[in-house]
Amino acid sequence: MTKKNRRHSSRKRRRRRALLLRITAVLLLIPVLAAAGIFAYLYTHPIKLKDNIVKHELMEPFDPWENVKDLYFADKKDVDIQSEADVEKLGDYPVTYTCRGHEYKATVKVVDTTPPALKVHPYKTDLSGDVTPEKFVKEATDLTEVTLSFKDPGRWDQEGTYDVRIAATDSSGNETVETTTLTRIKDTTPPVVQGVDNVEVLQGRTVDFEEGITVTDDMDPDPTFSVNSDQVDFATPGTYEVTYTTKDRSGNEGTTVRQVTVKKDRDYDRKVVYLTFDDGPSAHTDKILEILNKYNARATFFVTGNNQKHNDVLKRIVDQGSVVALHTYTHNYAEVYASEEAYFKDLQKISDMVKEATGVESKLIRFPGGSSNTVSKQYCPGLMTKLTKAVQEKGYQYFDWNCDSTDASGNNVPVKTLIDNATSSSAQHINILMHDTDAKGTTVEALPDIIKYYRSQGYAFEALTVDSYPAHHSVNN
């Protein structure tokens, strides 16, 4: 090879090496550039979401992080999430994820894909009864409103047993279907009436013949009844019949006869004053008894257990022909009216005290403050409504008043004021409220003139019995 050729060959090798070096440099630079590009992209797109629309079940807890698939070059603390998703209400709600100034938005679609829970039972009715889906359903529950319907309804107007399919559909259209049976029968049994025991009533009193009456039927949930009491004459003693007629929707009728006995009331045609004294006995009780004895009058003493040093006078009250009745043992409103149980516990104590002192078991009651009192509401709302019924069911009678001497307004009320107030009534049966305590001396002073006034008007003075006119107030609690 000539010298010229060697030089040319050497230049060619140098050019090839330079080219290879440039190619190698480029090949080495490509991954670096690619990595740099990827880094730049991921740095400027730090969040990758799983879905832009997220379907989420109604009432299930929602965590917006569950929709984040990846975080690039960022921590959770770098991400701010604003979510308006209300999982308690169907709808579409926005969620915004913000990181390094970049926002990513998604929509939470709260959906209901769970069908209602449905429990059914067989239903039996007569040929006149309504047949609705509700009659077969024991329970139908869902997170949204449920509509009940028949699936493939048929004709069920004849006697027999039918398969019935009940559908429960929620507001999202999810449906549950259950099968049960309908039995239709011909009803030939009339309704039954309860509470029509024979009753006795004093002459001049009345009876509400519908009170306490219940009518039931094997098929009709709302049978009707009517009362015929036309022959009853409350003014004339005797035995009368009251007829109850019941009817169900199938037209079955039944009749029940109740006997009502009107008993003669010795005070029916008389004008009577019932002198009543609350809160005794006291130092004045003997004086009151002397006045009653002088004028041949009888009275009723509603006593408490608060002044038992005078209990020896209780037997004298009875021996003289008057009556010892029950006010309360403590006369403490907060204690007596704490509950129905508390009242009867107190009543039993005063009843035992009176029986021990007199030998007589009293069934006559006066509530502290009267049956119309409202102070009891502070301790037990609705108590007087319960007590006024309960005491009578237990054989007691409670007595209010229709004439007030007003001696409870203070001590030493002027005698003339007491007389004027106590003689202000012209009713046929007058129940006068007075008090027998150590501080009521003017009540004792007024008593003779009160008796003399009513005697001049033709009134008799009697002690109360369970059959006496009770002068009940309107109950306010």
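**Close-up views of a predicted model**

**Figure 1. Helix α2 against helix α8.** Lys-287, Ile-288, Ile-291 and Leu-292 of α2 touch Val-444, Leu-447, Pro-448 and Ile-451 of α8. By class, this contact of α2 with α8 counts seven nonpolar residues, one charged residue and no polar residues. The model shown here and in the other views is predicted. Two packed helices are described by the angle between their axes and the distance between the axes. For α2 (residues 285-294) and α8 (residues 441-456), the angle is about 15° and the axes are 10 Å apart. Angles under 35 degrees count as roughly parallel, and α2 and α8 are therefore roughly parallel to each other. The crossing of α2 past α8 is right-handed.

**Figure 2. Helix α2 against helix α3.** The packing angle between α2 and α3 (residues 312-319) is about 10°, and their axes lie 10 Å apart. α2 and α3 are therefore roughly parallel to each other. On the α2 side the contact is made by Thr-285, Asp-286 and Leu-289, and on the α3 side by Val-313, Arg-316 and Ile-317. Sorted by class, the contact of α2 with α3 has three nonpolar, one polar and two charged residues.

Figure 3. Which residues of α6 (residues 383-393) are buried? They are Leu-383, Met-384, Leu-387, Thr-388, Ala-390 and Val-391. An α-helix has 3.6 residues a turn, so residues three or four places apart point the same way. The buried residues of α6 pack against the helix α5 (340-358) and against the strands β22 (364-365) and β23 (397-398). After α6 comes Gly-395, which has a positive phi, near 95°.

**Figure 4. An open sheet of four strands.** The strand order in this open sheet is β8-β12-β11-β10, and the pairing is mixed. At the edges are β8 (123-126) and β10 (146-151), each of which pairs on one side only. On average, and with direction ignored, neighbouring strands of the sheet are turned by 35° against each other. Within the sheet, β11 (residues 160-170) and β12 (residues 175-185) run antiparallel and are joined by 10 bridges. Opposite Gly-160 stands Arg-184 in β12. In a regular strand the side chains alternate between the two faces of the sheet.

Figure 5. Thr-189 lies in the loop between β12 and β13 (192-194). Is Thr-189 buried, partly exposed or exposed? Its relative accessible area is 39%. Buried means under 20% and exposed over 50%, so Thr-189 is partly exposed. Apart from neighbours within four places in sequence, Thr-189 is in contact with Asp-217, Asp-218, Asp-248 and Asn-252. Gly-254 is 65 residues from Thr-189 in sequence, while the two C-alpha atoms are 8.7 Å apart in space.

**Figure 6. Strand β17 and its two partners β16 and β18.** Strand β16 (residues 224-228) is joined to β17 (residues 238-247) by five bridges, and the two run antiparallel. The bridge partner of Val-227 in β17 is Tyr-244. How many bridges pair β17 with β18 (residues 253-263)? There are 10, in the antiparallel sense.

Definitions and conventions: Residues are numbered from 1 along each chain as its sequence is written. This is a predicted model: local features need pLDDT of at least 70, side-chain atom pairs count only at pLDDT 80 or more; totals for chains, interfaces and linings use all residues. Side-chain values use heavy atoms; hydrogens and water are left out. Buried means under 20% relative accessible area, exposed over 50%, partly exposed in between (1.4 Å probe, protein chains only). Contact means heavy atoms within 4.5 Å. Two strands pair if DSSP finds at least two bridges between them. Axes are lines fitted to C-alpha atoms, for helices over the stretch in contact, and angles run from 0 to 180 degrees between N-to-C directions. Angles under 35 degrees count as roughly parallel, over 145 as roughly antiparallel, 65 to 115 as roughly perpendicular and the rest as oblique. A crossing is left-handed if the near helix is turned anticlockwise from the far one by less than a right angle, and right-handed if clockwise. Ala, Val, Leu, Ile, Met, Phe, Trp, Tyr, Cys and Pro count as nonpolar, Asp, Glu, Lys and Arg as charged, and the others, Gly among them, as polar.
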